[in-house]
Amino acid sequence: MRELLVVVLALTGCAADPPGESIVFDPCDRPTVALPEGTADQVASLDEALARWRDAGVDGPARDDAAPAPSVTVVFRDGAAANFGFYDAATATVYINTRLDPQQRAIVIAHELGHALGLFHVEAATRASVMNPGNTATPPNASDAAALAALWGACPAPDP
Ligand SMILES: [Zn+2]
């Protein structure tokens with residue numbers, strides 16, 4: 001699995017994310033996403049988040065809870081209501097607030113996975129995006145897929 005270390009000088013996450021090296025993943029490398037200690041509900045939300053990315057045309061990240069070294073690990077934690085989720089770019093860990101309702105949860109996971117794929121926030125005034133700050137309703141869309149393609153290049157067609 002190829003990892004790209006980039007020095008990012010701007011804020012990348014949903015919280016106070018110190019400038020520094022950020023671990024982000026090329027979706028074309030099919031990064032694995034593990035939720036080792038999730039409830040059935042939480043697993044379903046992760047699957048929905050991945051399905052929403054696929055719906056937008058990004059068939060990259062795949063869930064593999066048994067991966068010995070997953071690219072991204074998802075961890076659910078209790079948190080203040082204002083903290084929906086966070087991508088810790090130093091450890092490639094997505095933290096999700098257990099208090100979110102299931103519908104919000106899938107969107108927040110999709111948003112944090114967007115950070116793991118190297119996307120930054122997009123202001124809602126610029127365009128609707130899964131990467132809108134504080135987003136709990138807008139799924140990944142074609143513009144988000146285009147942003148990934150602009151960042152990483154279009155994925156090669158799979159072998160026949
Ligand atoms: Zn964010």
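Five salt bridges turn up in the structure, a salt bridge being a side-chain nitrogen of Lys or Arg within 4 Å of a carboxyl oxygen of Asp or Glu. The model is a predicted one, so local features need pLDDT of at least 70 and side-chain atom pairs count only at pLDDT 80 or more, while totals for chains, interfaces and linings use all residues. Numbering runs from 1 along each chain as its sequence is written, and side-chain values use heavy atoms, with hydrogens and water left out.

Start with Arg30 and Asp59, whose side chains meet in a salt bridge at 4.0 Å, N to O. Arg30 sits in the loop between strand S2 (20-24) and strand S3 (32-34), and Asp59 in the loop between helix H1 (40-55) and strand S4 (62-63), so this pair ties together parts that are 29 residues apart in sequence. Helices (H or I, at least four residues) and strands (E, at least two) are DSSP runs here, numbered from the N terminus. Arg30 is partly exposed at 41% relative accessible area, and Asp59 is partly exposed too, at 48%. On this scale, buried means under 20% relative accessible area, exposed means over 50%, and partly exposed is in between (1.4 Å probe, protein chains only).

Asp65 pairs with Arg63, and here the closest N and O atoms are 2.3 Å apart. Salt bridges with shared partners join Asp47, Arg63 and Asp65 into one network. Asp65 is partly exposed at 31% relative accessibility, as is Arg63 at 33%.

A cavity is a set of points, on a 1 Å grid over the protein atoms alone, where a 1.4 Å probe fits but cannot get out; lining residues have an atom within 4 Å of a point. Grid points are joined across faces, edges and corners, and volume is the space filled by probe spheres set on the points. The largest cavity has a volume of about 40 Å³. Its lining is made up of Phe25, Pro31, Val33, Pro61, Val72, Leu113, Ala116 and Leu117. By class, that gives eight nonpolar, no polar and no charged residues, with Ala, Val, Leu, Ile, Met, Phe, Trp, Tyr, Cys and Pro counted as nonpolar, Asp, Glu, Lys and Arg as charged, and the others, Gly among them, as polar.

Key
1 Å grid on protein atoms, 1.4 Å probe; cavity = no way out; pocket = protein on both sides within 12 Å on 5 of 7 lines; lining within 4 Å.
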